[in-house]
Amino acid sequence: MQEIIEKINELFENGTVNRVLAWKTGEFDYERTPAVFTKEDGLDGFSYDSFCAANLAKYLILETKKEGKIAILAKPCDTYNLNLLIKEHRIDREKVFILGVPCRCKIDVEKIRAKGIKGIKSIKEEGDTLIIDTIYGEKTCPRQEAIQDKCLACQGRTHVVFDEKIEGGEPANVEKIDRMAEVEKLEAMTPQERFDFWRSELSKCIRCNACRNVCPACTCTTCVFDNPASGVSSKANTDTFEENMFHIIRAFHVAGRCTDCGECSRVCPQHIPLHLLNRKFIKEINELYGTYQSGEDAQSKGPLTNFTQEDAEPSIVYTKGRV
Amino acid sequence: MLKCSISEINNLFSAISGLRTLYLPVEKAGQALYGAWTPQARLCLDKLNTVKSPKDLFFPQSEDLVRFQREGKKISIEMPDAIDEKFVLFGVRACDAKGLQILDTVFLSDPVDTYYAARRENGIVICAACSEPEETCFCNVFGIDATEPAGDIVTWTVGDTLYWEAKTEKGAEFTEKVKGVLEEASAEEEASVAAQNESVKEIIKQLPFADLNLEGFDGDHLLEKFNSPKWAELSKACLGCGTCTFVCPTCQCYDIRDYDTGHGIQRFRCWDSCMYSDFTKMAGGNPRKTQLERFRQRFMHKLVYFPSNNDGEYSCVGCGRCVAKCPISMNIVKVARALGEESK
Amino acid sequence: MQVNETAKEQFRPVIVAFCCNWCSYAGADLAGSSRLNYPADVKIIRVPCSCRVNPLFILRAFERGADGVILCGCHPGDCHYSTGNYYTRRRMTLLFSMLDYMGIERERTRVEWVSAAEGAKFAATMNDFISTVAKLGENRKLRDLRCKK
């Protein structure tokens, strides 16, 4: 972290940027809030560690409209979203200094809580173990078991866009998962089982819109679901249809653009596995139109704004080996 | 005081559900939520907070108000089915029970919200005293005793035993009906409950937010708080989602909308969130143009407007749901601390 | 038992067909002027191009009681706007696979390319689609119950 602070101060001093978008400590040992630090106010409360899971890319849309150049701390996965925002002309590349920071996979406090560990006072990392000091005594938890789901599925990516990169520390000893395994598991089910699975998950939705608002690919100024003239705006799921519709459309709108950053599932207060909807699209796109990773570059045409004359017909959906 | 062994708690629940529908925290796709009891339900009685608060049972996220049908030039009005389900709500924590009292001051004062009033009338609230508070809890700041919740009946769990005591007439009447599955507790056992309550109170004193100072959060300092320059920084990261308002046990704002079913109009109301951009949207425009104003509204309402209109009663109960669930870890405690520091 | 059988026989699905102005709508016209039979359960909505159809249109049709939704456009390569239907093809493939993924019967949605000269194909396609959907019965999984009469 020291190296990052030195770098930011250097950027402040040589006038490259006048502010930096990063994370700030909170009330709890594990709390990190996205924050903008200015040259004048300094880096009071600045932090970069295993709890900085939030993707900061989306904040740049507003920030780059302001005066002067801003630096952003970007984890490898965040840089994919930066590329997408640059490609879609949502941010002004000239007004951003991208400082790549290393990532050892982030920790999800909710996973620690789910283990029945209550009253967390502090969390220390010692190698592959977390030492958790609680009101009810000291507890331990293997680091692997508290890793954010989105990090488990991250395929050890590297920074794809940056102005400068800070190489860092020891690599994380984290066992990754096959990100399509869960999708395949669902595909192997019968339609009724799949229907029941999504019903039980989506019926928990409280329509807080956190998944949409946090998504760095969801950048419309007015969402169709907030537009009373659209005929589909709704503040609550008054019917099961609305639960399905909102999530199909949300996922569809980012199909071919979603970088699989996993923010939607991270912020869901009901822990609905929303990434499984996005990944289904990614999987279909990869299988039908060739492997595509959104955000890998800032130029290529997305799969849904592109075509070939030989594309599969929609009827291919009926021929897939699932009944 | 009465008691029942935890291992036989399903006998108690089955007796209750024989009389009325029983709602209690059950697991739904991995989350603890209030749901109807069935012998197969996976109970989450040791969970401190359900994701959504129990206000849902009295003030549902969406409910039908009235239906209109048109035939030629005649419009007929159809009222929804009467709200007559008698139910029991089990496992309500002290903070949520206080939350219901705050909703009462809003919905039961003139003009009475008849939909809410009917559910309040039909429901019996059985509270569960807390034994293992979380670091996010700060109910004591609002004068709530987590070991003595305000319900019709209060239960305490000590070891393998559930202790039961009726607190209101409604509660006593209901206790008579299920007495068959409960036993009298001895004086020693009552003492063990009291001892546990004392130790829980000690833990609560040590919680990180226990010393939260709300001095200066009242009508007298309204403009000072409203005009604070801190709001800009506090609201900067806010996503404008409705998580905090929808998990809150005291947020009570709603919207009324019409849905065209193709053969009539269904008028319903649903929770609304002051964090949403269209919350204050009117024909003439939107007075809260940025997230700063929307963010400020929520906390000003909880900590300043509500107490200044209701004899100093804050409309926060310290349940800690918004603290735990905010996607960007911004919460009422941070706001109170930032603004409180300023006035010092 | 017999009552049920009769009820099943009587079930007439509501079909919404989005037809592009240049090919498929003209194809439907030709089917009509050629006196080809297809049931009146098909409600045709004319769109400027098949690629005008947003996934929301399909969902909204189901919401309001459609039992099947079919989208007809010009044959790939023949689009009046050159490439519109190529985008439709990708979009609808993804949407249908998502509906399938969510457990909604995949036979309820279809894309067919019908030219202005293919009146017979239009009628045959509709007849086939209606019988497929009729076999599935009423759409229960993806509709707004408030719209039910």
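The model is predicted, so local features need pLDDT of at least 70 and side-chain atom pairs count only at pLDDT 80 or more, while totals for chains, interfaces and linings use all residues. Residues are numbered from 1 along each chain as its sequence is written, and chains are lettered from A and ligands numbered from 1 in the order in which they are written.

**Chain-to-chain contacts**

- Between chains B and A, the contact takes 38 residues from chain B and 33 residues from chain A; residues are in contact if their C-beta atoms, placed from the backbone, lie within 7 Å.
- On the chain B side of that contact, α5 (187-206), α8 (243-247), β12 (265-271) and α11 each supply at least two residues. Helices here are DSSP runs of H or I with at least four residues, strands are E runs with at least two, and numbering goes from the N terminus.
- Sorted by class, the chain B residues that touch chain A come out as 17 nonpolar, 10 polar and 11 charged. For the classes, Ala, Val, Leu, Ile, Met, Phe, Trp, Tyr, Cys and Pro count as nonpolar, Asp, Glu, Lys and Arg as charged, and the others, Gly among them, as polar.
- Chains C and B also meet, with 4 residues from chain C and 5 residues from chain B. The chain C side has 1 nonpolar, no polar and 3 charged residues.

**Domains of chain A**

- Chain A is assigned domain 1 (1-106 + 156-176), domain 2 (109-146) and domain 3 (178-323), with bounds from an automatic or database domain assignment.
- The C-alpha centres of domains 1 and 2 of chain A are 26 Å apart.
- Contact between these two involves 6 residues of domain 1 of chain A and 8 residues of domain 2 of chain A. The domain 1 side splits into 2 nonpolar, 2 polar and 2 charged residues.

**The β-α-β unit in chain C**

- β1(C), α2(C) and β2(C) form a right-handed β-α-β unit. Right-handed is the call if, with the strands pointing away from the viewer, the path from the first strand over the helix to the second runs clockwise.
- The strands β1(C) and β2(C) run parallel and are joined by 6 bridges, where pairing takes at least two DSSP bridges. In this pairing V16(C) sits opposite K43(C) of β2(C).
- Helix α2 (residues 24-33) of chain C is mostly covered, with 7 of its 10 residues buried. Buried stands for 20 or more other C-beta atoms within 10 Å of a residue's own, exposed for 12 or fewer, and partly exposed for in between, with C-beta atoms placed from the backbone.
- Those buried residues are S24(C), Y25(C), A26(C), G27(C), A28(C), L30(C) and A31(C). They pack against β1 (15-20), β2 (42-47), β3 (68-73) and α5 (119-136) of chain C.
- R46(C) lies in strand β2 of chain C and counts as partly exposed because it has 13 C-beta neighbours inside 10 Å.
- Leaving out residues up to four places away in sequence, R46(C) touches C19(C), N21(C) and Y25(C). From R46(C) to C72(C) there are 26 residues in sequence and 9.8 Å in space, C-alpha to C-alpha.

- In helix α1 (residues 9-19) of chain B, the buried residues are L12(B), F13(B), I16(B) and S17(B). They cover an arc of only 125° around the axis, so they are on the same side of α1(B); the arc is that of the directions from the helix axis to the C-beta atoms.
- Their packing partners are β1 (2-5), β2 (21-28), β6 (87-92) and α4 (169-178) of chain B.
- β1(B) pairs antiparallel with β9 (residues 161-166) of chain B over 4 bridges, and S5(B) is opposite T161(B) there.
- β1(B) also pairs antiparallel with β10 (residues 183-184) of chain B over 2 bridges, with L2(B) opposite E184(B).

- Most residues other than glycine have a negative phi, and most peptide bonds are trans.
- D110(B) and P111(B) are joined by a cis peptide bond with omega about -5°. P111(B) sits in the loop between α2 (94-107) and α3 (114-122) of chain B.
- D311(B), not a glycine, has a positive phi of about 50°. D311(B) is exposed, with 7 other C-beta atoms within 10 Å.
- S329(B), also not a glycine, has a positive phi of about 55°. S329(B) counts as buried because it has 24 C-beta neighbours inside 10 Å.
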